[in-house]
Amino acid sequence: MEGVTENKNPVRNRLKSNAPLKGTWKGIFKIFWSFLVIHLLALKWIFIELFTSHREFKIDYDVVKKCEGKWAVVTGGTRGIGAEVVRKLYQTRMNIVIGCRNRQQGRKLVAWLKKRQRNYQSHIVVALLDLTSFNSVKCFAIKTLYTTSWNISLLVNNAGIMFPKFEYSDDMIDKQLQTNFLGHFCLVQYLMPGLTRAGTLSQYSSRVVNVSSIAHYGATISQELFNQKNKYQVYMDSKFYQIATAVQWNKLLEKTGANVHMFNVHPGIVDTRLYENVFYYKLVAPLMSLICKTPAQGADTVVYAALSPKLENEFPILIANCKGIDPHPGIHDTEVRELIWSISCILTETCENESAYLRSPAGLPRSSPQLRH
């Protein structure tokens, strides 16, 4: 049969109608309200950070001993917080796979790191990863699994965007939703066999760290799950979905005895290019450099969640400034979490079976070309 066949997936068809709100007073009010909520949350947290001492996570000999030679995967690791995370992980002598869209920028970072620390023998691999394409995510996962010999000790889901102009991804999903949440959800599904294997072979747990946000406190839990129509609400909701599915993952992993733990991190209000799509960014950029955290400071909590020995026995749902904090109350709603999980599995076309991550995900070949060092 020629031509494009009709998509009979009701969830996908619902998302195809997820165009931006236009014109109506109700739509304008929703956009304004979401804009107000996320900015109030940001202002509140800026004041908290101004009057709270920053907790730095220091990499000592014990951390290096624990990490040396192991494999870590970092998405969006070429600039901002991600680049600082890569720099700190490299100090532990871990091997690192950087998943990014701009490989040239990634290679420049690698060259800079190797020039500064010539005596380190760790491998750093820069690989193409476009989170707005599930096919790209799958290709990246296949090559990463075989490059690491299905032995991944750490996955940092760092890549993200904020308030972009509305566009559909290759998979007909809002690009912001797919970049911030669904692309990473898909990646975790595919890399989980490597994470569980590494956890089995080590006395230390494998970890997944989601770089989330206090913006998730503004999420709406209603019949509009995955069907929001304004960019401010989509950002807040995507961060809520991220945390909700992480909690669900932890319950499934605990149930099967897998030595893998997932953590969510709010890195702080950090002065990075994440805000470049905010219409007033150029006006406030000089002020942000004075009152916001630096990328290196933002990376501290991410690396704490990734490497701290303390978290072998403590499992906070959300971490900020190297300390556990309470998440949105809706995170504790099992029915909501299960619904988000099910819809995410349908949209990413990954297996919904809770035991699926213990074996090779469907569609992964037995052999694959490795990523180039």
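Author: Helices (H or I, at least four residues) and strands (E, at least two) are DSSP runs numbered from the N terminus. This is a predicted model, where local features need pLDDT of at least 70, side-chain atom pairs count only at pLDDT 80 or more, and totals for chains, interfaces and linings use all residues. Residues are numbered from 1 along each chain as its sequence is written, and side-chain values use heavy atoms, with hydrogens and water left out.

Reader: OK. How many residues of α6 are buried?

Author: 10 of its 14, so α6 is largely enclosed by the rest of the structure. Among the buried ones are F134, F140, L145 and Y146.

Reader: And what does α6 span from its first C-alpha to its last?

Author: Helix α6 covers residues 134–147 and reaches 20 Å, close to the 20 Å expected at 1.5 Å a residue. That expected span is 1.5 Å times one less than the number of residues. Just after α6, S149 takes a positive phi of about 60°.

Reader: Switching topic: how many salt bridges are there in the whole structure?

Author: The search finds 6, counting a side-chain nitrogen of Lys or Arg within 4 Å of a carboxyl oxygen of Asp or Glu.

Reader: Which residue does E312 pair with?

Author: K66, at 3.8 Å from N to O. E312 lies in the loop between α10 (295–307) and β7 (318–320) and K66 in helix α3 (residues 61–67), so the pair ties together parts that are 246 residues apart in sequence.

Reader: Is E312 buried or exposed?

Author: E312 is buried, at 17% relative accessible area, and K66 is buried too, at 10%.

Reader: What about E276, which partners does that one have?

Author: E276 bridges to R79, with the closest N and O atoms 3.6 Å apart. That pair links distant parts of the chain, with E276 in the loop between β6 (260–266) and α9 (281–291) and R79 in the loop between β1 (71–75) and α4, 197 residues apart. E276 also bridges to R273, where the closest N and O atoms are 3.2 Å apart. R273 is partly exposed at 47%. Elsewhere, salt bridges that share partners join K66, R207 and E312 into one network.

Reader: Now cavities. How many of 30 Å³ or more?

Author: There are 3. On a 1 Å grid over the protein atoms alone, a cavity is a set of points where a 1.4 Å probe fits but cannot get out, and lining residues have an atom within 4 Å of a point. Points are joined across faces, edges and corners, and volume is the space filled by probe spheres set on them.

Reader: What lines the largest cavity?

Author: It holds about 90 Å³, and its lining includes K66, R207, M94 and Y204. Both α3 and α10 supply at least two lining residues each.

Technical notes
Buried means under 20% relative accessible area, exposed over 50%, partly exposed in between (1.4 Å probe, protein chains only). On a 1 Å grid over the protein atoms alone, a cavity is a set of points where a 1.4 Å probe fits but cannot get out, and a pocket is an open set with protein on both sides within 12 Å along at least five of seven lines; lining residues have an atom within 4 Å of a point.
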